[in-house]
Amino acid sequence: MNPGSEYFLIYKPYLMLSQFSREGDKQTLADLDFEFPTDVYPVGRLDADSEGLLLLTNDKQLNHRLLNPKFRHNRTYYVQVDGALTEAACQQLAQGVTISVDGKSYHTLPADARIMLEPGLPERNPPIRYRATIPTSWLSISLHEGKNRQVRKMTAAVGFPTLRLVRWAIEDLTAEGMIPGQVRELSRAEVMRGLRLK
């Protein structure tokens, strides 16, 4: 990786685009209260309706390492789903399910999927609509791949649509202690250690 590179970890808020360029009236990374260097870009992306960790850097080698599927880095998501999640559904997610990617059937790679207690996440703005008669559950799922809207498609495939999706960790880099819109500058050593890279 490049010694002169810069690294930033952000907690992307709900409904913000993972880009600096404008698109209609949607919020973008340019709206964050932080002056980023002009050559820094996000590694990968999170959909507008997803929240959580996004790594920004001008390190092209790191960008390649993280986006190339053969390096299989781990991403962990906390997912609120509609309904009372079952162990059987988690088992299906863990073994892989068939989803549609670019109009073709795709069987997801094995994942780590577990029911969890509601995590202590920052409030979402606007919040999830509360319905007293319908339970919701929380799932922790860790993947080594990132197809378009993959987690949402996976939970829907086992009968539990996603209500809220938060990327909590990229390898050992986590959103612990962060709030939506917050930016943390990291050293190269912290990034390398957090991503388990040499």
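Two strands are taken to pair if DSSP finds at least two bridges between them. Helices (H or I, at least four residues) and strands (E, at least two) are DSSP runs, numbered from the N terminus. The model is predicted: local features need pLDDT of at least 70, side-chain atom pairs count only at pLDDT 80 or more, and totals for chains, interfaces and linings use all residues. Residues are numbered from 1 along each chain as its sequence is written, and side-chain values use heavy atoms, with hydrogens and water left out.

Strand S5 (residues 98-101) and strand S6 (residues 104-107) run antiparallel and are joined by 4 bridges. Val101 has Lys104 of S6 as its bridge partner. Side chains alternate along S5. Ile99 and Val101 point to one face and are buried.

The hairpin of S5 and S6 has 2 residues between the strands. Asp102 sits in this loop between S5 and S6. Its phi is positive, at about 55°, although Asp102 is not a glycine. Asp102 is also exposed, with a relative accessible area of 74%.

A positive phi also occurs at Leu15, where the value is near 75°. Leu15 belongs to the loop between strand S1 (7-12) and S2. With 44% relative accessibility, Leu15 is partly exposed. Most residues other than glycine have a negative phi, and most peptide bonds are trans.

A cis peptide bond runs from Asn125 to Pro126, with omega near 0°. Pro126 lies in the loop between strand S7 (112-116) and strand S8 (136-143).

Ser50 occupies the loop between strand S2 (41-42) and strand S3 (51-57). What is the relative accessible area of Ser50? The value is 2%, so Ser50 counts as buried. Contacts (heavy atoms within 4.5 Å) were then examined. Leaving aside residues up to four places away in sequence, Ser50 touches Lys12, Pro13, Tyr14, Arg152 and Leu165. The side chains of Ser50 and Arg152 are joined by a polar contact of 3.3 Å. A polar contact is a pair of N or O atoms within 3.5 Å; within protein, one must be able to donate a hydrogen and the other to accept it, and residues adjacent in sequence count only if both atoms are side-chain atoms.

Conventions. Buried < 20%, exposed > 50% of the residue type's maximum accessible area, 1.4 Å probe, protein only.
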